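These are my notebook entries on a structure that I had not examined before. I set down what I looked up, topic by topic.

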Amino acid sequence: GDLPILILGESGTGKELAARRAHRMSPRARASFLAVNCAALSETLILSDLFGHAKGAFTGADRDRAGVFQAASGGTVFLDEIGDLPLNAQALLLRVIQEGEVRRLGESEPKRVDVRVLAATHRDLAVMVQAKTFRQDLYYRLKVGLVELPPLRERGGDLLLLAEAFLARMGRSPSPRLSKEARTRLLAYPWPGNVRELENVLRVAA
């Protein structure tokens, strides 16, 4: 459906893949899926990137620009590392979710948008709410649907299934196989980088 979803998990557990899967299974599957890493941009840039700006809104704004929410209208916006979103951007995001409206920087009139919001983080947002670094109202608006992705070290035999799938996907003929010793060593390692680390290790090994 159109429910917002909050995806929780350590780095490398596949949060964006889960978000893309949720988008593909929704009625919005044929429309845009736009992903934004909230930790990768400065506060000024992320406001412009998400909500857009009017010409002259700040130094260097030489023309009007639609933000991600306008560009993805009809589709899905995935906000990765939502815990890094500044408080002023959190207030604007809350309006997008509650009212379906976005106000570009430098403009007073809001514009209508039709987007589904998916968000992900490795942070403990409940603790951030208590510390007043994350808005409580936004937290509960995002946490309508909740997906928790376990770290690779807690997934047991899934690790070997993933490893075999990665090796088969490498296009080698014949596909590399895991020896008994390799399987034992893979299962014994704690994988702090999770699925992403496993895939990289197997690429090097192959």
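What percentage of the 206 residues of the protein count as buried? I found that 40% of them do, where buried means under 20% relative accessible area, exposed over 50%, and partly exposed in between, with a 1.4 Å probe and protein chains only.

**Basis of the entries.** I am working with a predicted model, in which local features need pLDDT of at least 70 and side-chain atom pairs count only at pLDDT 80 or more, while totals for chains, interfaces and linings use all residues. Residues are numbered from 1 along each chain as its sequence is written, and side-chain values use heavy atoms, with hydrogens and water left out.

**Overall form.** I counted 9 helices and 7 strands in the protein; these are DSSP runs numbered from the N terminus, with helices (H or I) of at least four residues and strands (E) of at least two. Taken along the principal axes, the C-alpha atoms fill a box of roughly 65 × 40 × 35 Å. The accessible surface comes to about 11500 Å², and carbon and sulfur atoms account for 49% of it; such areas come from the Shrake-Rupley method with a 1.4 Å probe, and for residues only the protein chains shown count as cover. I also looked up contacts (heavy atoms within 4.5 Å). Of those with a separation of 6 or more, 72% are between residues 24 or more positions apart.

**Helix 2.** Which residues of helix 2 are buried? In this helix, residues 43–51, I noted Ile-46, Leu-47, Ser-48, Asp-49, Leu-50 and Phe-51 as buried. Their cover includes strand 2 (33–37), helix 3 (68–71), strand 3 (76–80), helix 4 (87–99) and strand 4 (101–102). After helix 2 comes Gly-52, with a positive phi near 80°.

**Aromatic pairs.** One of the pairs is Phe-33 with Phe-78, which is stacked at 6.2 Å centre to centre and 20° between the planes. Phe-33 belongs to strand 2 and Phe-78 to strand 3, so the pair ties together parts that are 45 residues apart in sequence. I found both Phe-33 and Phe-78 to be buried.

**Salt bridges.** How many salt bridges does a search of the whole structure find? The search gave 11, a salt bridge being a side-chain nitrogen of Lys or Arg within 4 Å of a carboxyl oxygen of Asp or Glu. I examined several of them in turn.

- Arg-123 forms a salt bridge with Asp-84, with the closest N and O atoms 3.0 Å apart. This pair links distant parts of the chain, 39 residues apart: Arg-123 is in the loop between strand 6 (116–121) and helix 5 (125–130), and Asp-84 is in the loop between strand 3 and helix 4. Arg-123 is partly exposed at 36% relative accessibility, and Asp-84 is partly exposed at 29%.
- Glu-101 forms a salt bridge with Arg-112, with the closest N and O atoms 3.6 Å apart. Glu-101 lies in strand 4 and Arg-112 in strand 5 (residues 111–112), 11 residues apart. Glu-101 is buried, at 16% relative accessible area, whereas Arg-112 is exposed, at 61%.
- Arg-155 forms a salt bridge with Asp-158, with the closest N and O atoms 3.5 Å apart. Arg-155 is partly exposed at 26%, and Asp-158 is partly exposed at 33%.
- A network of salt bridges links Asp-2, Arg-28 and Asp-114.

**Glu-197.** I located this residue in helix 9 (residues 194–205). The side chains of Glu-197 and Tyr-189 are joined by a polar contact of 2.8 Å. A polar contact is a pair of N or O atoms within 3.5 Å; within protein, one must be able to donate a hydrogen and the other to accept it, and residues adjacent in sequence count only if both atoms are side-chain atoms. Leaving aside neighbours within four places in sequence, I found Glu-197 in contact with Tyr-189, Trp-191 and Pro-192.

**Ala-188.** I placed Ala-188 in helix 8 (residues 180–188). Ala-188 is exposed, at 64% relative accessibility.

Key:
Phe/Tyr/Trp six-rings, centres within 6.5 Å; stacked < 30°, edge-to-face > 60°.
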